[in-house]
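Work through the exercises below with the structure at hand. Each task is followed by a stepwise solution.

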Amino acid sequence: MGLFDRLKSGLKKTSESIAEKVNNVFSVFVAVDEELFENLEEALIMADLGMETSVALIDELRSRVKRKHIKDGNEVKKELQAVISDALCELDCEMKLDSTPAVVLVIGVNGVGKTTSIGKMATYYKSQGKKVLLAAADTFRAAAIDQLDIWAKRSGCDIIKHQEGSDPAAVVYDACNAAKARGVDVLIVDTAGRLHNKKNLMAELEKINRVVSKELPDSSRENLLVLDATTGQNAVSQAKLFGEVSELTGIVLTKLDGTAKGGIVISIAKEQNIPVKFIGVGERLDDLQVFDPESFARALFEE
Ligand SMILES: Nc1nc2c(ncn2[C@@H]2O[C@H](COP(=O)(O)OP(=O)(O)OP(=O)(O)O)[C@@H](O)[C@H]2O)c(=O)[nH]1
Ligand SMILES: [Mg+2]
């Protein structure tokens, strides 16, 4: 199966939900008029795109349909796909890994798929011929360190780890220096998901960020927030919360294969103004895909 087919099959539940709701509207409302737009807006809200986003998308659709004098339902549908694709393309979804080493800090609440995504990401960059180093800065549980260790072995990457309970910032310090010494291209840092409270989390992330800035001052940085798509609009709230705690450069949206709520990709991008950089569409190694807005929009609507 090619990349696009894997994407399409991973998005099956979401595309069925969106397509079904949108198609229902088009089958009932034949005339291209205000009633059609109102019902489309409602369909998008029901498909987990969020109120604000749905209203904005349909406003844009309404004005394009008027400007282009579109009178045919099928053409309106095509235009809706274009509106969604354009909305996703407004943000730059490319990973910025311009320095050697570049640093990718991976954060998010527990269970969202941080460690798994890091393993898949490491495999992906390794396959591109990059030298990848993993840092086990989730020192909260021994099992977390072991889990990352397994991914390091599986992907053929080095890992920097300390003992359970040690200072995550110290792990990051060692990892930064190892990355320099070993000529690493991408350093990926796993962090603890169990946020004891917002203040502790903020302090820990600040400390880690400070160490990276000090040890690798010229490195390009990605702060990726991992979100579980199955939690729907709750994931959007997490993006808001983490955005207050740490500067975010991108989102990794996991478990899209397990949910019909994949429409939240669009609300996260539009409402939080944070680009989605990777999406998880399954449990296989190659099921973490670099996010491509056009393919995503096409996969949502293509039969
Ligand atoms: N179906 C599916 N499952 C996924 C995906 N990404 C991650 N998972 C699963 O989600 C579960 C949790 O993943 P982890 O990577 O351990 O999550 P974590 O955020 O590191 O969790 P903590 O270390 O406890 O904070 C695992 O069973 C993964 O296999 C995905 O894209 N699709
Ligand atoms: Mg983990």
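**Exercise 1.** Determine whether lysine 255 is buried or exposed.

Solution. Step 1: take the cut-offs, with C-beta atoms placed from the backbone: 20 or more other C-beta atoms within 10 Å means buried, 12 or fewer exposed, and in between partly exposed. Step 2: lysine 255 has 23 C-beta neighbours inside 10 Å, so this residue counts as buried. Step 3: locate lysine 255 in the loop between β6 (250–254) and α11 (264–272); helices (H or I, at least four residues) and strands (E, at least two) are DSSP runs, numbered from the N terminus. Step 4: the phi of lysine 255 is positive, near 60°.

The model is predicted: local features need pLDDT of at least 70, side-chain atom pairs count only at pLDDT 80 or more, and totals for chains, interfaces and linings use all residues. Residues are numbered from 1 along each chain as its sequence is written, while chains are lettered from A and ligands numbered from 1 in the order in which they are written.

**Exercise 2.** Classify the exposure of asparagine 273.

Solution. Step 1: asparagine 273 sits in the loop between α11 and β7 (276–280). Step 2: 12 other C-beta atoms lie within 10 Å, so asparagine 273 is exposed. Step 3: although not a glycine, asparagine 273 has a positive phi of about 60°. Most residues other than glycine have a negative phi, and most peptide bonds are trans.

**Exercise 3.** Which residues does a cis peptide bond join?

Solution. Step 1: omega is about 0° between threonine 100 and proline 101, the pair joined by the cis bond. Step 2: proline 101 belongs to the loop between α5 (73–89) and β1 (102–107).
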